[in-house]
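Please look over the structure below before reading on. The briefing after it covers layout, surface and core.

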Amino acid sequence: KPYVGKPITAAILRGVLRIFEDFHYIREIHGDNGRDHALVFETGISTVPGVKVTGCDFLHFNDDGLIDQFMVMVRPLSGATALSEAMGAQFDRIQQEALELAEQFATA
């Protein structure tokens with residue numbers, strides 16, 4: 001499901017960082033237009049020892065140089081399932097963090 005806005009995006013990324021172990025990028029790919037980028041990464045999932053995940057962050061930058069699209073894909077299926085379950089287990093916390101961030105952004 002797509003999530004729109006800085007607060008929920010930041011809260012989701014915080015949640016992912018709580019789950020990932022030994023996260024590191026291994027490759028960066030640029031589109032010819034300079035606005036599309038793919039960042040390939042490897043990581044483990046803290047809730048499932050031994051599961052290794054390879055993934056890719058796809059970013060698109062707008063005319064102002066700001067990210068306006070961000071999509072993540074991961075493999076293998078066992079890793080994607082483990083990630084989904086771990087994120088689902090903390091989604092109430094993620095939503096609460098998003099609300100708190102929205103309040104901070106509104107008063108900044």
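The points below go from the whole chain to its core.

This is a predicted model, in which local features need pLDDT of at least 70, side-chain atom pairs count only at pLDDT 80 or more, and totals for chains, interfaces and linings use all residues. Residues are numbered from 1 along each chain as its sequence is written, and side-chain values use heavy atoms, with hydrogens and water left out.

**Layout**
- The protein chain has 3 helices and 4 strands, where helices (H or I, at least four residues) and strands (E, at least two) are DSSP runs numbered from the N terminus.
- Their order along the sequence is α-β-β-β-β-α-α.
- The C-alpha trace spans about 40 × 40 × 25 Å along its principal axes.

**Burial**
- Of the 108 residues in the protein chain, 31% are buried, that is, under 20% relative accessible area with a 1.4 Å probe, protein chains only.

**Core**
- The largest nonpolar core has 17 residues; such a core is a set of buried Ala, Val, Leu, Ile, Met, Phe, Trp, Tyr and Cys residues joined through side-chain atoms within 4.5 Å.
- The members touching the most others are I12, I19, F20, I45, L83, M87 and I94.
- At least two core residues come from each of α1 (6–19), β2 (36–45), α2 (77–89) and α3 (91–107).
- The largest share, 5 residues, is supplied by α1.
- Leaving aside residues up to four places away in sequence, I12 touches Y3, M87 and I94, where contact means heavy atoms within 4.5 Å.
- In soluble globular proteins, nonpolar side chains tend to be buried together.

Key. Buried < 20%, exposed > 50% of the residue type's maximum accessible area, 1.4 Å probe, protein only.
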